[in-house]
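Hi,

Here is the structure I promised to pass on.

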Amino acid sequence: MRLLLVVALLLSWGPVMAMPSIEIIIRNHLFYPSELTIAADTKVKLIIVNQDASAEEFESYELNREKVIPGHSKGIVFVGPLAPGTYPFFGEFFPKTAQGHIIVK
Amino acid sequence: MLINSVIIVLREVLEAALIVSILLAQGQVLSLPRVYFMLPVMVGAILAVVYASNIVAVSALMGGIGQEIVNTVLHGLIVICTMVLIGAIKKPQAKLIIIIAGAGCLATAMVRELAEIIIYINGFASVPSLLSSVLAGSFIGAGIGFSIGVFFYYLIVGMRPINGLRLSLVMLSLICAGMVSQAIQFLMQADLIPSHAPLWDTSAWVSEHSIIGQLLFALVGYEATPTATQATGYGLALLLAFILAIQKPRCDDVARPKGVK
């Protein structure tokens, strides 16, 4: 039984450990980088670091993702696996400046 | 910034205003004292301030997915309370259950929606040049949201009681199904359940960016690109709500709520 549990844990952690992660910085209400390229059919961990004092909401209708990133803090958002294409994202609190997109190839 | 504030606050207020107005109208139809509904709104508002004040700590929980966990729990509580309410609404002896479920639903909805507004406005405290337009936009958005809530309140209480209850149950069921879809989205975002490609894409017809899209989101949980898991969850929640709503009261339910024939 214990062996089964260990195997199940290893199997469940395997993909997480291998998952690529990308850091996105929010500074002066802009995303850096504003263009990301990821592989198709791959799950990716986005680490969003908000260096501004004000909060921002990372949002993407195309990715079905929304998350508030408080000022001077970071948040994690998992995206994918995705089909090839372009997926825009934006900062809902500062949508005119905070814009970016993920290119899936 | 003004227009953006209007849209953001309107979206959040609208969801809460709809739930509050529907439950207040149900209370009116069932002749329940308003204090049972106003008290949880106030408790929810206080808890929203607590949640918003601790958003940094909450976000960092469980390796950075604390926000998703809390939001899923809040949506889950709203769904449970709503389902209990739908199942109990026709049973006169279940008055206490109706009050408790309604109170739970109201308090949780307030925490969820108000916390985001507080975080949003508070974020501009450090940007004085934008604060006035953000506040103005927030007041306008809140005003529009409340007005729509008031409209649905009077629509429901102005109908024959049985029709008012039916409409409120349909609206609650749709909001509830939307909450299930949102909870599933949070779980996918936190990588706690597998994420898949969208089942369909209706964004060309009704974009989620648009005002109509935002209204539909609040009213029926509209999602332009739902995954199969979200669509299934939505459908199952609607089905469960329908089954609970059409349940006939037992034979010993002799009395009916005042005004309901």
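How many bridges join S4(A) to strand S7 of chain A, and do they run parallel or antiparallel? There are seven bridges, and S4(A) and S7 (residues 73-79) run antiparallel. Strands here are DSSP runs of E with at least two residues, helices are runs of H or I with at least four, and both are numbered from the N terminus. Two strands count as paired if DSSP finds at least two bridges between them.

Before you read on: this is a predicted model, where local features need pLDDT of at least 70 and side-chain atom pairs count only at pLDDT 80 or more, while totals for chains, interfaces and linings use all residues. Residues are numbered from 1 along each chain as its sequence is written, with chains lettered from A and ligands numbered from 1 in the order written.

Back to chain A. S4 (residues 44-50) also pairs with S1 (residues 21-27), in the parallel sense over six bridges.

Now chain B. You'll find nine helices and zero strands there. Buried residues, meaning those with 20 or more other C-beta atoms (placed from the backbone) within 10 Å of their own, make up 47% of its 261 residues. The C-alpha trace of chain B spans about 60 × 40 × 40 Å along its principal axes.

Cheers

Technical notes. Buried ≥ 20, exposed ≤ 12 C-beta atoms within 10 Å, placed from the backbone.
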